Amino acid sequence: MSTSAKLPPFDPADPLGLDDLLEPEDLAVRDTVRGWAADRVLPYVAEWYEKGELPQIRELARELGAIGALGMSLDGYGCAGASAVQHGLACLELEAADSGIRSLVSVQGSLAMYAIHRFGSEEQKQTWLPRMAAGEVIGCFGLTEPDHGSDPASMRTYAKKDGTDWVLNGRKMWITNGSVAGVAVVWAQTDEGIRGFAVPTGTPGFSAPEIKHKWSLRASVTSELVLDDVRLPADAVLPGATGLRGPLSCLSHARYGIVWGAMGAARSCFETAVDYARTREQFGRPLGGFQLTQAKLADMAVELHKGILLAHHLGRRMDAGRLRPEQVSFGKLNNVREAIEICRTARTILGANGISLEYPVMRHATNLESVLTYEGTVEMHQLVLGKALTGLDAFR
Ligand SMILES: Cc1cc2nc3c(=O)[nH]c(=O)nc-3n(C[C@H](O)[C@H](O)[C@H](O)COP(=O)(O)OP(=O)(O)OC[C@H]3O[C@@H](n4cnc5c(N)ncnc54)[C@H](O)[C@@H]3O)c2cc1C
């Protein structure tokens with residue numbers, strides 16, 4: 001074993017030395033996204049959150065396009081063609097600013113663009129992807145319905161053939177980016193099973209009222225999609241997807257980003273708690289000098305960096321084409337659950353200040369309540385893993 005004199009110093013920001021796993025290009029992506037979020041999100045996000053709005057969403061989307069963050073790991077059509085690890089690092093940095101910004105990027109890239117890229121015709125790809133990669137067109141992804149969330153196979157939205165046209169009727173609920181989208185990827189029942197449609201949002205019969213009064217993901221646009229006799233030409237259907245496999249593979253891609261992203265929210269809360277514990281004094285010394293506080297910080301650091309290590313492992317598997325959906329469920333289940341725990345513990349260290357928007361902790365904690373639910377709830381991922389472990393399907 002080498003002597004301690006030769007060991008690199010302990011880095012509180014990277015206690016496991018996980019940066020050693022990153023290539024210079026990975027670090028460059030991370031720095032770019034971190035810098036963008038520091039300039040364009042962090043100074044304003046508390047105000048956006050308080051007002052419950054994302055006022056500059058179109059401008060932000062264009063800027064995110066300019067730094068290559070939209071459809072980042074897709075190839076061609078103006079996309080950056082980044083690795084899965086780089087995409088994950090970007091998600092982490094964006095969510096360290098706010099889960100709403102990461103949601104904007106995930107829905108655009110991993111859901112709407114991914115669906116068109118993987119299942120669309122060449123013409124659909126040419127029509128939508130370059131403008132979406134540039135942030136000129138925002139996309140949304142409509143799967144969930146008011147009465148069908150965890151069980152999308154039971155969806156009621158229906159696309160009926162009328163001559164060569166399709167006519168869509170139904171409702172979608174809780175759709176991120178819905179009211180600001182130029183294209184909605186909508187999943188609907190048809191006589192041939194579930195199909196996906198690229199719906200230009202200016203089509204008569206389509207509307208997307210925004211959902212207000214949210215206490216989570218307040219700096220994010222969330223909408224209902226209303227489809228009343230929306231008539232689309234034959235070529236609006238995504239030719240490559242029939243059945244639930246289509247939307248589920250998109251969700252798997254987006255969930256992978258969440259595995260990283262949740263650790264961003266957790267990192268922000270952890271760093272805030274460490275800073276606070278070093279400076280806030282009670283009983284004549286800093287909170288960080290008490291063993292009980294140190295136990296909290298040590299446990300938070302362990303879960304934070306274990307979570308990042310897990311995300312990195314899954315990223316390498318994705319880059320190698322070996323990442324299974326069950327492994328994504330493993331990561332989403334663990335990392336979001338642990339991230340919430342880290343945020344809640346940070347909240348306790350900040351005492352009353354923990355509930356103030358002056359600090360990011362409560363904002364992250366309430367955001368993560370949505371992240372815990374969307375892209376498959378805790379229970380759905382437990383059922384996915386339970387089925388894989390036992391061979392027994394306990395979904396219904
Ligand atoms: C802010 C936000 C943004 C969103 N963005 C999008 C989006 O862009 N596109 C989109 O399509 N959807 C989106 N969603 C919807 C999200 O994916 C759903 O909320 C999620 O799938 C859960 O569905 P539900 O809310 O209807 O809950 P339900 O399915 O009604 O579940 C309620 C509870 O019951 C549990 N449950 C359900 N079935 C079982 C079972 N078999 N066994 C045990 N427990 C069970 C669930 O785990 C959960 O705890 C978003 C949601 C939020 C909050």
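**Exercise 1. Find the atoms that touch the ligand.**
Which atom of the ligand is 2.6 Å from an N or O atom in the side chain of Ser 150?

*Solution.* Start at Ser 150: an N or O atom of its side chain sits 2.6 Å from an oxygen atom of the ligand. Then look at Phe 141: here a backbone N or O atom is 2.9 Å from a ligand nitrogen.

Before going on, remember that this is a predicted model, where local features need pLDDT of at least 70, side-chain atom pairs need 80 or more, and totals for chains, interfaces and linings use all residues. Residues are numbered from 1 along each chain as its sequence is written, and side-chain values use heavy atoms, without hydrogens or water.

**Exercise 2. Describe the shell.**
How many residues surround the ligand?

*Solution.* Count those with a heavy atom within 4 Å of the ligand. You get 18, and Trp 174, Thr 377 and Glu 379 are among the closest. Now sort the shell: 9 nonpolar, 7 polar and 2 charged. In this sorting, Asp, Glu, Lys and Arg are charged, Ala, Val, Leu, Ile, Met, Phe, Trp, Tyr, Cys and Pro are nonpolar, and the others, Gly among them, are polar.

**Exercise 3. Compare helix directions.**
How do the axes of α5 and α6 run relative to each other, roughly parallel or roughly antiparallel?

*Solution.* First, grab the numbers: α5 (residues 99-119) and α6 (residues 122-133) pack at about 160 degrees, with axes 9 Å apart. Second, apply the rule: under 35 degrees is roughly parallel, over 145 roughly antiparallel, 65 to 115 roughly perpendicular, and the rest oblique. So α5 and α6 are roughly antiparallel.

Methods:
A residue is near a molecule or strand if one of its heavy atoms lies within 4 Å of it. A polar contact is a pair of N or O atoms within 3.5 Å; within protein, one must be able to donate a hydrogen and the other to accept it, and residues adjacent in sequence count only if both atoms are side-chain atoms. Axes are lines fitted to C-alpha atoms, for helices over the stretch in contact, and angles run from 0 to 180 degrees between N-to-C directions. Helices (H or I, at least four residues) and strands (E, at least two) are DSSP runs, numbered from the N terminus.
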